[in-house]
Amino acid sequence: MSASPPVVTFVSRNAGKVPEVRAVLAESGVRVHWRKKEFVEPQADTLEEVVAAKLRSVGGISGYVLVEDSGLFIPSLHGFPGVYSAHFLEVWGFAPMLELLRRRSRTAYFRTVAGLRHGGRQWMFVGEVHGSIARRAVGRGGFGYDPIFVPNGWNRTFAQVPASEKDAISHRARAVRKVGVFLARRRA
Ligand code: IMP
């Protein structure tokens with residue numbers, strides 16, 4: 001029988017992600033400690049490269065350590081803002097994106113890569129949710145791009161629904177749920 005601990009240290013600067021990660025890992029009986037950390041993100045083309053760099057920088061923390069990186073990808077903008085999602089939102093907000101999409105396909109998806117580390121071993125898990133960009137920002141819940149993202153089959157943005165509804169289908173929930181299943185199997 002393996003002695004995997006039921007606790008994961010989630011390292012992130014973003015407080016908005018913590019309740020989501022906590023709720024989803026609770027489904028697998030895993031508890032979450034949040035360690036707030038501002039990562040120096042590398043110049044990278046993929047979420048996987050960013051996550052690999054984050055995993056390297058949390059090597060000193062014992063037990064299971066979880067990091068993740070997410071982005072909003074818009075195919076009609078050649079995948080932009082993608083790995084630059086945080087920077088773009090901080091500098092520009094929603095307005096230029098909504099303007100650019102007035103005459104382009106509004107199809108978009110969120111993608112999360114979750115990285116798990118335990119000692120010298122590491123694993124990555126991917127989650128995506130597909131949908132479209134709303135014509136204007138709506139809703140007060142969530143964080144980041146939630147007010148402009150409408151998942152396929154919905155007529156509301158992520159910011160208009162209770163957290164539990166976002167957690168049922170979100171990119172982050174899908175990646176982190178895989179982490180929970182993985183940890184539960186290792187403990188079994
Ligand atoms: P990062 O993973 O913290 O680097 O996130 C990249 C950018 O995407 C940030 O601006 C986040 O606010 C945004 N983002 C990440 N996940 C979500 C989400 O679930 N909803 C809305 N925006 C998100």
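**Close-up views of the ligand site and a salt bridge**

**View 1. Polar contacts between the ligand and side chains.** In this predicted model, an oxygen atom of the ligand lies 2.7 Å from an N or O atom in the side chain of Lys17, a polar contact being a pair of N or O atoms within 3.5 Å. A nitrogen atom of the ligand is 2.6 Å from a polar side-chain atom of Asp146, and a polar side-chain atom of Arg172 lies 2.5 Å from a nitrogen atom of the ligand. Taken alone, the ligand exposes 480 Å², of which the protein buries 95% (Shrake-Rupley accessible areas, 1.4 Å probe).

**View 2. The shell around the ligand.** The ligand is surrounded by 16 residues, the closest being Lys17, Ser70, Asp146, Lys166 and Arg172 (a residue counts if one of its heavy atoms lies within 4 Å). These shell residues comprise seven charged, five nonpolar and four polar ones, with Asp, Glu, Lys and Arg counted as charged and Gly among the polar.

View 3. Glu38 pairs with Arg13 in a salt bridge whose closest N and O atoms are 3.4 Å apart (side-chain nitrogen of Lys or Arg within 4 Å of a carboxyl oxygen of Asp or Glu). Because Glu38 lies in the loop between strand S2 (31–36) and helix H2 (47–57) and Arg13 in the loop between strand S1 (7–12) and helix H1 (17–26), the pair ties together parts that are 25 residues apart in sequence (helices, H or I of at least four residues, and strands, E of at least two, are DSSP runs). The structure holds 13 salt bridges.

**Notes.** Residues are numbered from 1 along each chain as its sequence is written, and side-chain values use heavy atoms, leaving out hydrogens and water. For this predicted model, local features need pLDDT of at least 70 and side-chain atom pairs count only at pLDDT 80 or more, whereas totals for chains, interfaces and linings use all residues.

Technical notes. A polar contact is a pair of N or O atoms within 3.5 Å; within protein, one must be able to donate a hydrogen and the other to accept it, and residues adjacent in sequence count only if both atoms are side-chain atoms.
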